[in-house]
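Please look over the structure below.

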Amino acid sequence: MSPADSAPPAPKSPEAKAPPTAFGKGFVLDAWYFVALSRDVAPASLKRHELLGEPVLVGRTRAGQVYALRDICPHRAAPLSAGRLVEKPGEGETIECCYHGWRFRPDGVCAAIPSLVEDQAYEADRIRVRSYPVRESQGMVFVWMASDPRTAPDPDHEPPLFPGVVGGEAKMVEWMDFDAHVDHAVVGLMDPAHGPYVHQQWWWRSEQSMHEKAKAFEPREHGFAMVRHAPSSNSRAYKILGGAPATEITFRLPGYRWEHIQVGEKQVLALTCLTPISETKTRITQIFWSDHWVFSLAKPFLRMGVIAFLKQDGGMVNLQNEGLRYDPALIWIDDADKQAKWYQQLKREWTKSRAEGRAFANPVKPAVLRWKS
């Protein structure tokens, strides 16, 4: 399979509707979204998440199985996450609703309705809570959000595999909720020109250190990459890695951006997962893996830097919202905004290819982009 294409999905049912593709509207569907680190989903846990405006219970049985269900009991709408995991004879492990004790298996099928008496012939197993496909991969939990959950087939691709997941468990994790649609969060993340103005630290770069840059880009599976290169001379933070770092920065739908740094045989992976909570809120999770010694000595310094970046970006999102509430037209320029344009093209092509039941054709072409930062 080439980076530009993927296997065609199953045709959609007549009832399935393509989501809006306008910028700042709708979501990329039929896709895997990051929800949690595996280590944060404990046995017998029931945790409520909101994904793409939907309430989702993510839990793990005592036997170790991770599952995801719509976090609404179909009886009287109480959140199932407010209940508990129980085990009754002949039922296995089930999620018991806190309101009337209805019990549901991890696949969403109702196992029991305690209020029924013996001669009341009600087939509990005909009742189902929506179950979401879920995967554990590289120490992370992903949930599949389908465009038509009523007739959704099994996912036609697996969650992405990220290079540089080395050194055991994640070394550092930070997250923040931005008051922004995921589209604005994505283009803000990949914007190369805001750094000297928003992220002004002595160890990073400043307006005075700006200079022209030229970077080569290539298509990748469901996205694109800034191909491996030596970091810019005004990005001082890389110097603590020593040696001659070489970095590649990749973006992939629906909202993953990762920087994979190699320093000789050592590696650093900085993965950012963008998870839409709703139309107006996006969770940004930054996860770091490394087998480089620097993470043992400089972790407090690195954590301070990550938190500072998140707060600065979050503050700028809040300022941007002051203008966005008037729904202005936005101007996109080459080459600094080319990655943002690619994202919008990728999103449109993904939606169109899924609706038409055909293979995704990556619209990104190899290019060298130039800007000042």
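The report takes the strands, then the helix.

This is a predicted model, in which local features need pLDDT of at least 70, side-chain atom pairs count only at pLDDT 80 or more, and totals for chains, interfaces and linings use all residues. Residues are numbered from 1 along each chain as its sequence is written, and side-chain values use heavy atoms, without hydrogens and water.

Helices (H or I, at least four residues) and strands (E, at least two) are DSSP runs, numbered from the N terminus. Two strands pair if DSSP finds at least two bridges between them. Strand β15 spans residues 256–263.

| Partner of β15 | Residues | Bridges | Residues between strands in the hairpin |
|---|---|---|---|
| β14 | 246–252 | seven | three |
| β16 | 266–278 | eight | two |

F251 has R257 of β15 as its bridge partner. I261 is bridged to V268 in β16. In the hairpin of β15 and β16, G264 takes a positive phi near 65°. Strand β15 is mostly covered, with six of its eight residues buried (under 20% relative accessible area, 1.4 Å probe, protein chains only).

Which residues of α4 are buried? They are L302, G305, V306, F309, L310, D313, G314 and V317. An α-helix has 3.6 residues a turn, so residues three or four places apart point the same way. The buried residues of α4 pack against β11 (172–178), α2 (195–198), β17 (281–290) and α3 (294–297), where contact means heavy atoms within 4.5 Å.

Note on methods: Buried < 20%, exposed > 50% of the residue type's maximum accessible area, 1.4 Å probe, protein only.
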